[in-house]
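Me: I'd like to learn how to read a few features of a model, step by step. Could you walk me through it?

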Amino acid sequence: MSSLKIVLLGFGTVGEGVYQTIQTHQNRLQSLLGKKVEIVGVLVNDINKKRKIDQHVVITDDMDDLLEIPDVDVVIEAIVGVEPGYSYVKKSLDKGFHVITANKELLANKGKELKKQAVQNHVRLEYEAAVAGGIPIISTLRHLLRVNRITKIEAILNGTSNYILTDITENQTPFKDALYDAQQKGYAEADPSNDIDGWDAFYKLMILSDLLFGTQPSWDSIVHRGIRNVRDVDILAAHSIGCKIKHVASLVSEDGDVKLAVEPVVLPSSHALYSVDGVDNAVMVTGDIVGQLQLQGPGAGALPTASAIIEDLVNIYQIKENVYEESAVSFTSLSESALEDWLVIGLADSIDSLTIQDKWEISKDGSTTTCWRVTASEADVQSVVQDQPGVAYYRMNSQFSEIKSLSTVG
Ligand SMILES: NC(=O)c1ccc[n+]([C@@H]2O[C@H](COP(=O)([O-])OP(=O)(O)OC[C@H]3O[C@@H](n4cnc5c(N)ncnc54)[C@H](OP(=O)(O)O)[C@@H]3O)[C@@H](O)[C@H]2O)c1
């Protein structure tokens, strides 16, 4: 039987997961592809580390060694950061290899250029694993919802942030302890800033924008906040009105006007993302024909990510490529002047210039904090709270308006 030859760039959590999955699912892959699937080379940083890799596989820290292997079909890239992945993917596409990547930072920065290069070279660039890990959101949008116009996506795309917020909400764990726990369990990196400053979710949202519209906004034009500054008292304030704070990436498209945001928001219990807890990711997609769909599952980890990569591998040979044309959309930031509901926490001074809907107090560790629900523009909220230390504010999801009065829950 002939074989499909694969080169693996990176042998960390993802790379090793892919290697093992190809071994455990060899029979299934052979029956789907009609060929043996063989890893012929592995690129790593440190060639002296001990790894469970067959002796016949080339292990190297020099990409050129792998590019010289004859008859390679597919390169799977699972390195961290834009470089060296960018240079290696470019070289691989130029050599006529299909590429599958899990690298969201690379795709958010260089995806558009690399997709063009893949088309020019008549090869495929696949990246299901880069957005929401094991959840097949890219395939769903690319292959299953092609006629629908996607009007809205709301998603929890960073498992680490979701884990930390859930731990604080359910167990009253202090933020730094919840972060430490996430690191101990392998959910967060030693340097967690990509997760808790919102970059990981931001990169994924940019990849979705590229996929749906063939383009993305300039990065400084969109709301982009992580959970680093979410305080225990903020979560308690949301809880006191039957809500949760969740880190949500959103995309709303209306008549060619697209608004994107990544930020912690206050979600009421009626919202589909409210009950998505722990490290899970979830994506809610609204299409103009189908209505609202929800996909939920593991957004990271060796096997869920390997699952997405292996499905991409089979899809390269079994599903025709759908190339999206660039759409004529304009990106606007969430309007600073539109009136929305905000949860304001810890404001001591008067906020009379904002329209106050509710005011209540919460107690924690013997101290009392005032909370407000106001209707105002973000610009007005900002101008009122900016000089007041200890004050935080969060956008309230529009479904919150379903809760008519807080007097019964405050
Ligand atoms: N972890 C997840 O659950 C997950 C989920 C979805 C997507 N991703 C994405 O998948 C990619 C890999 O993530 P990971 O968690 O597997 O990372 P990881 O565990 O840190 O592994 C990274 C691998 O890349 C190798 N590497 C790093 N720099 C290199 C260089 N300059 N040249 C050659 N090899 C190099 C490392 O080699 P050594 O082994 O020698 O150090 C290691 O094998 C990232 O882009 C990540 O964002 C990860």
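Me: Where is A132 found?

Reply: A132 lies in the loop between β6 (125–126) and α6 (137–144). Helices (H or I, at least four residues) and strands (E, at least two) are DSSP runs, numbered from the N terminus. The phi of A132 is near 60°, a positive value in a residue other than glycine. This is a predicted model, in which local features need pLDDT of at least 70, side-chain atom pairs count only at pLDDT 80 or more, and totals for chains, interfaces and linings use all residues. Residues are numbered from 1 along each chain as its sequence is written.

Me: Is the peptide bond from E83 to P84 cis or trans?

Reply: That bond is cis, with omega near 5°. P84 sits in the loop between β4 (74–77) and α4 (85–94).

Me: How are two packed helices described?

Reply: One gives the angle between their axes and the distance between the axes. Axes are lines fitted to C-alpha atoms, for helices over the stretch in contact, and angles run from 0 to 180 degrees between N-to-C directions. Here, the axes of α5 (residues 104–120) and α10 (residues 199–213) come within 8 Å and cross at roughly 35°.

Me: Is the crossing of α5 and α10 left-handed or right-handed?

Reply: A crossing is left-handed if the near helix is turned anticlockwise from the far one by less than a right angle, and right-handed if clockwise. The crossing of α5 and α10 is left-handed.

Me: Which residues of α5 and α10 meet?

Reply: Contact requires C-beta atoms, placed from the backbone, to lie within 7 Å. On the α5 side are K104, E105, L107, A108, G111 and K112, and they meet D200, Y203, K204, M206, I207 and D210 of α10. By class, this contact has five nonpolar, one polar and six charged residues. Ala, Val, Leu, Ile, Met, Phe, Trp, Tyr, Cys and Pro count as nonpolar, Asp, Glu, Lys and Arg as charged, and the others, Gly among them, as polar.

Me: Which residues come nearest to the ligand?

Reply: A residue counts as near if its C-beta atom, placed from the backbone, lies within 6 Å of the molecule. Of the 25 residues around the ligand, G10, G12, V14, N45 and A300 come nearest. Helix α1 (residues 13–24) supplies the largest share of this shell, three residues. By class, the shell has 12 nonpolar, nine polar and four charged residues.

Me: How far apart are the C-alpha centres of domain 1 and domain 3?

Reply: Domain bounds come from an automatic or database domain assignment. The protein is divided into domain 1 (3–126), domain 2 (137–297 + 326–332) and domain 3 (340–402). The C-alpha centres of domain 1 and domain 3 lie 50 Å apart.

Terms used. Two residues are in contact if their C-beta atoms, placed from the backbone, lie within 7 Å.
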